[in-house]
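Thanks for coming. I will go through one model this morning, starting where its two chains meet and then moving to some single residues.

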Amino acid sequence: MKFSEEEIQNWKCETCGEGLVMRKVEFSYMKGSFHAELPACPKCGLVLITEELAMGKMAEAEKALEDK
Amino acid sequence: MNEAVAKPWSTESLCPVCLKRISAERVIDGQEVWLVKSCPEHGETRTVLWRGEPDLPGWQRPKIPSQPPVCFTEPQFGCPYDCGLCSNHGQHSCSALFEITSRCNMNCPVCFADSGSSAESDPSLDTIETWLKSVRRACGDHIVIQLSGGEPTVREDLPDIIRMVRAEGFGFVQVNTNGLRLSGDPAYAGQLQEAGLTSVFLQFDGTTDEVYRRLRGRTLLDEKVQAIENCMQSRLGVVLVPTLVPGLNQDDIGNILRFGMERAPGVRGVHFQPVSYFGRYPSAPDNTQRLTLPEIIRAIEQQTEELMKVEDFAPPGCEHSHCSFHGNFVVLDNGKVMPLSSQNATCCNKPSPAAEGAMKSTRFLTHQWAAPEIEMPPASKAGKEKCCDCSEPPSLDDFLNRIKTHTFAVSGMAFQDVWNVDLERTRNCCIHVVAPDGRLVPFCLYNLTSADGHPLYRGKSHADIAP
């Protein structure tokens, strides 16, 4: 999951007005937890999850964790 | 009968002496559940079914019965005397087991098939082909085909039989073996793989020679390890199958799991089978000689130091809830495992069609028990050596790569003997033995023998089985 500097710079946190920066984020689903480098607001910590990520790798991981 | 709407604690069973059908009750007594039944002629028997948590009343995955699409027999005498399967059966087949020989190159004190070296002649290739066609017609070609015995590798034409299974269109074929031939002949695993074998169901009772000496009458650990290595080199999926006997190897459960995970992804999982008393066994059992499913689940948690937890295991979607447990995991490269299924998935307890469970289970097993389709990375040291960042969860990318190879299935199945047989369970069974005349018979009923050793099904024609 790679974001270019240019892509990140296009995003700002609507609440804080800060430009997003890459940050290590941990997330959990059922009994699984993972980490990923994702764009986040340096002030409030809000994380950007793109549609591509949500419908792609995260959906794939969810499906695996719900196996059988 | 629907598990969800049936009177929950009444069922039917058989008299251990005369094999007549009799009513039975599942009776809760403190932390234990007992099957209590009484034959008017031969008296009462009480057999332990379940000890402790997770408790039996909560261990449910209700199903709406699904009649087999093709029935080779019709109800005449009532369950369990009409198997073929008949139209009263409640589940489709997910696995068909072919006994391709009754010969064996061992002579274990415990053997469900009572196999030996001086047994009757093997079924011919033509006979096996007829069975295959009949099974395909009844069940489709998506199911698990298991070649069993006896010891199937004593047949020199085993590769031809495997080719025949594949030519008939079945996608998954597994050999049920003690591993002796696979260990002694390094080229043999490759020959079976080239013939179309997918998976090896390897008798693997423990991680010490003492276990094999006591259970199988000789040391075998080196042979087992070599057989596994040969299978892995030939890209055959290996499932370790321990027969668990109280006081003999129940303390080795954690070691068996660690042994398997260290060899993932070549070893695809462990399938525990607590000992049941049919075929050949030293003496009629008392209840201290029985190990129930929840005891195994708790032992897994204790002996893996909670690497796997009780809550990671769930009742089955295919067979009757009381017959098995399963938990699926990913073996991570940091020494941890991540559970992939849990009881949460079944929390609403809404009944679903049994056939859906059979299809799902077949799809899962044919994928999980085969070698991974992509190149296998080196084995990890799960549960043994932990790396410095073991508290760190994996990255999403690492997890998604790992899930393609290092899934590890842990399951246990409680076979039923004449003392604990529950006809509600056998009526909803999905693992069927192909009888010599092509009928399909639930595994436990096919192997069931009375207290004095008389079979219910094995070696009998349909007409001889009437009560």
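Start with Lys57(A), which forms a salt bridge with Asp397(B), the closest N and O atoms being 2.7 Å apart. A salt bridge here is a side-chain nitrogen of Lys or Arg within 4 Å of a carboxyl oxygen of Asp or Glu. The count between chain A and chain B is 3 salt bridges.

Before going on, some ground rules. This is a predicted model, in which local features need pLDDT of at least 70 and side-chain atom pairs count only at pLDDT 80 or more, while totals for chains, interfaces and linings use all residues. Residues are numbered from 1 along each chain as its sequence is written, chains are lettered from A and ligands numbered from 1 in the order in which they are written, and side-chain values use heavy atoms, with hydrogens and water left out.

Back to the interface. Contact means heavy atoms within 4.5 Å, and 20 residues of chain A are in contact with 23 residues of chain B. The size of an interface is often given as the accessible area lost when the parts come together. Here the area buried between chain A and chain B is about 1,900 Å², counted as the accessible area (1.4 Å probe) that two parts lose on being put together, summed over both. Carbon and sulfur atoms give 62% of that area.

There are also 6 residue pairs in polar contact between chain A and chain B, both residues at pLDDT 80 or more. A polar contact is a pair of N or O atoms within 3.5 Å; within protein, one must be able to donate a hydrogen and the other to accept it, and residues adjacent in sequence count only if both atoms are side-chain atoms.

Which elements give two or more residues to the side of chain A that touches chain B? They are strand E1 (21-29), strand E2 (32-40) and helix H3 (57-65) of chain A. Helices (H or I, at least four residues) and strands (E, at least two) are DSSP runs, numbered from the N terminus. H3(A) gives the most to this side, with 6 residues. By type, the residues on the side of chain A that touches chain B are 9 nonpolar, 3 polar and 8 charged. Ala, Val, Leu, Ile, Met, Phe, Trp, Tyr, Cys and Pro count as nonpolar, Asp, Glu, Lys and Arg as charged, and the others, Gly among them, as polar.

Now to H3(A) itself. Met58(A), Ala61(A), Ala64(A) and Leu65(A) are buried in this helix, where buried means under 20% relative accessible area, exposed over 50%, and partly exposed in between (1.4 Å probe, protein chains only). They cover an arc of only 125° around the axis, which puts them on the same side of H3(A). The arc is that of the directions from the helix axis to the C-beta atoms. An α-helix has 3.6 residues a turn, so residues three or four places apart point the same way. The buried residues of H3(A) pack against E1, E2 and helix H2 (51-55) of chain A, together with strand E14 (337-339) and helix H10 (396-402) of chain B.

As for chain A as a whole, it has 3 helices and 2 strands, running α-β-β-α-α from the N terminus on. Its C-alpha trace spans about 45 × 20 × 15 Å along its principal axes. Of its 68 residues, 31% count as buried.

The rest is chain B. His432(B) is found in strand E17 (residues 431-434) and is buried, with a relative accessible area of 0%. Not counting residues up to four places away in sequence, His432(B) touches several residues, including His89(B), His92(B) and Phe443(B).

Is Asp141(B) buried or partly exposed? At 30% relative accessibility, Asp141(B) counts as partly exposed. Asp141(B) lies in the loop between helix H1 (125-139) and strand E7 (144-148) of chain B. The C-alpha atoms of Asp141(B) and Gly171(B) are separated by 6.9 Å, although the two are 30 residues apart along the chain.

Last, some backbone details. The peptide bond from Cys79(B) to Pro80(B) is cis, with omega near 10°, and so is the bond from Ala264(B) to Pro265(B), with omega near 10°. Leu19(B) has a positive phi of about 65° although it is not a glycine, and at 11% relative accessibility Leu19(B) counts as buried. Glu306(B) likewise has a positive phi of about 65° without being a glycine, but at 46% Glu306(B) counts as partly exposed.
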